[in-house]
Structures are given as C-alpha cells and as structure tokens.
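Trainee: Could we go through this structure together? I would like to start with the helices and then turn to the aromatic rings.

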Amino acid sequence: MPLLKINGVSLAGVASAVPAAKWDSAAAVAAFGAEDLAKITRSTGVKQRHVSTGTLCASDLCYEAADRLINELGWERDSVDFLLFVSQTGDHVLPATSCVLQHRLVLSKDCACFDIGMGCSGYVYGLWTASSLIAASGLKRGLLLVGDTIGRLTSPQDRSTSLLFGDAGSATALIQDGNASSMTFSLGTDGAGWKNLIVPAGGCRIPASVETAQRHKVEGNNERGQQDLYMDGAEIFAFTLAEVPPLIAGLMESSGWTAADVDAFLFHQANKFMLQHLGTKMNVPLDKTPLSLGEYGNTSCASIPLTLTVTRRDALAAGSLRLVMAGFGVGYSWAGCSLTTGPLICPELILVDEKR
C-alpha cells in the first residue's frame, strides 16, 4: 500500500488501564520448572504481567481508560461523534462490543459505533481509521478504544504462549484540528501466514465443542487444545524481520526524518529478543525504543498506547514529540505511522480490580 497522508486531525489524549492482579509465577514453576521459566524469561524479557483472573474483559479495561480520559479532557458525553473498538477478545459473538461501551459510557445515541477485529497491528489500524473518519466526514470528536485479554485464550500448560501475554486496554481521543501536522500511515497484509498465530476453534469455521476444549500433548512437551492460542514463533519472527524494516524506512523517508529527528519508536511489544533484532537491523537507538513488556508482557493491540502511557506520559503532557509507531503480527498484518503530537492529556496508568 502507498504511504497515506492525513491532515486536519490531532490526538487530544491517551489513557491506559491494566488489571490490578499480577501473574502468579508459582503456577508456572510448577508446570515448567524453575530452569525453563528462567530461560524463557531471559528470551522474552517478560518478568511480570498484569492479568485478568476471572471476569475482567478487554471492554472493562477500555471503559475505565475512556471514562477517565473523557473526564480529564472535560468533554461533554454527547459531544463524542463516534466510538471505535479494536480487539480480538470482545464481550460476545454478537452484538458489537462498541455498542455495549456506548451505553456504559453514556454517549449520545447519535454516536456511530463499530468494532474492528485486529490484534498486534490493531492500534495503528484503528488510528488510521479514526483519523480518516474525521478528515473525510467532518466529524469533530472520536474515541478509539483498543484492548485485549489474550491471557484468557492461552493454555497454562503451553510454555510458548502462557508466559508471554498480559492484558490491557486503552483509550485515545482524536479531534478535528486545522493546525495539526500531517500523519503518515502505511498498512499491509499477507494472509498466507494466517495459520501461524491462531485460535482455531470457537468461530463459525470450527465451532466450540467438548472435543475442541480438550487439551492434548503437542510439540515441545506442551499441552494445548483447539480453543487455545497457537503461535509458531519462528515463522512470526521471520515475518517481522522481513516486513517491519521497510515499513519504518518508508515512513521515515516520507516524513523527511532521520533517526535523530524522532523522539521515540513505539513498536508492538512482541518480545525482547525480536525487538532487539529489529532495532539492530534498522540502526534505531535503544534509548529511543521504549519497552513495557518487562512489567506488562505482550499486551497485543494495546501494547503501543500502554508503552506510550508508562514511558512517555510526562513528556507528552508537557510538550510535543515526534513519534514513529509500528504494529505487526497476527494475520499476518502490519501497520506503521509517523506523527507529531502533544501536549496531550495523559492520565496515570489505571489499575482495575476484578471486583470493582
């Protein structure tokens, strides 16, 4: 896809929320042993995660982030023109979770709401869709809610996924702004890789059943069923190294920026090993590639706004930053964006109790 410029739209604020509960490493030690756990931790960089332990859904985390952001922005609820919810872990097969969130947030009945089912690239896809809506339609205010609870889709006996994913939700406010700098986007898809990161059962192709819920011994002495997440890490790694460097190079060239001009490269928090290889291949300074996965794990589509909240909140609240974002993974799908943004309303990270 060619590089796409969007004018007249700016970000007004970003908020993020995670479950208050943290991952219990004792269960992982019992399942895999302390030696294996230490080896995986060194490779992924994930030392801690915040996880839903029962009923907490992605929509609950996004609701808390959006409610706080609307209040701190001082927006009237009936001034929000649209709400876009990006997730792979919606509340129900139907209706769209965005409709549920419109009601919970007490937004106007004139508010347009719809869902997008995207994962690792979902935040940038959502940012492109939301900003395009404002630029093309004349709508003035929109909310982009992005979150996942992927931890609820992993088998606790599968070391390739159960030790990697955390849960998070986010809210980003966008506004019509005639003085905003251009945002540049590039998006792509290679569906040939769809089988390499997948929950096979539970949709219409393979409905959930007693058989699909049963877990069996699989490669690497793991246990997994068809309703659990499967990931071919080697294939995902190869895809990422092939597609992300040219994505970033194109954005930089289009924006007329060098690495010295960029304040932060916000990458999807896949794992530490992968991000280190990406940084080396692209000659991106380590101090400009903030990480959140050590404390929060791979938080799927929410990883970019969460990283922004926990590592660049003060800087964005105080002034303007030049940012390059890139999401990549399940699909295969990838999306990148370069933009200048700030100062923004950026609340502190919100911790959400299971029984709230």
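This is a predicted model: local features need pLDDT of at least 70, side-chain atom pairs count only at pLDDT 80 or more; totals for chains, interfaces and linings use all residues.

Trainee: At what angle do the axes of helix 7 and helix 8 cross?

Mentor: They cross at roughly 35°, and the axes come within 10 Å. Helix 8 covers residues 272-282.

Trainee: Which residues make the contact?

Mentor: Helix 7 contributes Ile-236, Phe-237, Thr-240, Leu-241, Val-244, Pro-245 and Ile-248. From helix 8 come Phe-273, Met-274, His-277, Leu-278, Lys-281 and Met-282.

Trainee: Now the rings. How many aromatic pairs does a search of the whole structure find?

Mentor: The search finds five. One of the pairs is formed by Phe-239 and Trp-334, with ring centres 5.8 Å apart.

Trainee: Why is that pair called tilted?

Mentor: The planes of the two rings lie at 50°, so the pair is tilted; stacked would need an angle under 30 degrees and edge-to-face one over 60.

Trainee: Where in the chain do the two partners sit?

Mentor: Phe-239 is in helix 7, residues 233-255, and Trp-334 is in strand 14, residues 333-341.

Trainee: Is Phe-239 buried or exposed?

Mentor: Phe-239 is buried, at 6% relative accessible area. Trp-334 also counts as buried, at 12%.

Trainee: Which residues form the aromatic cluster?

Mentor: Phe-239, Trp-334 and Tyr-332 form one cluster.

Trainee: Last topic: what lies over the face of Tyr-63?

Mentor: Arg-104 does, at 4.4 Å from the ring centre.

Notes
Residues are numbered from 1 along each chain as its sequence is written. Side-chain values use heavy atoms; hydrogens and water are left out. Rings of Phe, Tyr and Trp (its six-membered ring) pair if their centres lie within 6.5 Å; planes under 30 degrees apart count as stacked, over 60 as edge-to-face and the rest as tilted. Helices (H or I, at least four residues) and strands (E, at least two) are DSSP runs, numbered from the N terminus. Buried means under 20% relative accessible area, exposed over 50%, partly exposed in between (1.4 Å probe, protein chains only). A charge sits over a ring if NZ of Lys or CZ of Arg is within 6 Å of the ring centre and within 35 degrees of the ring normal. Axes are lines fitted to C-alpha atoms, for helices over the stretch in contact, and angles run from 0 to 180 degrees between N-to-C directions. Contact means heavy atoms within 4.5 Å.
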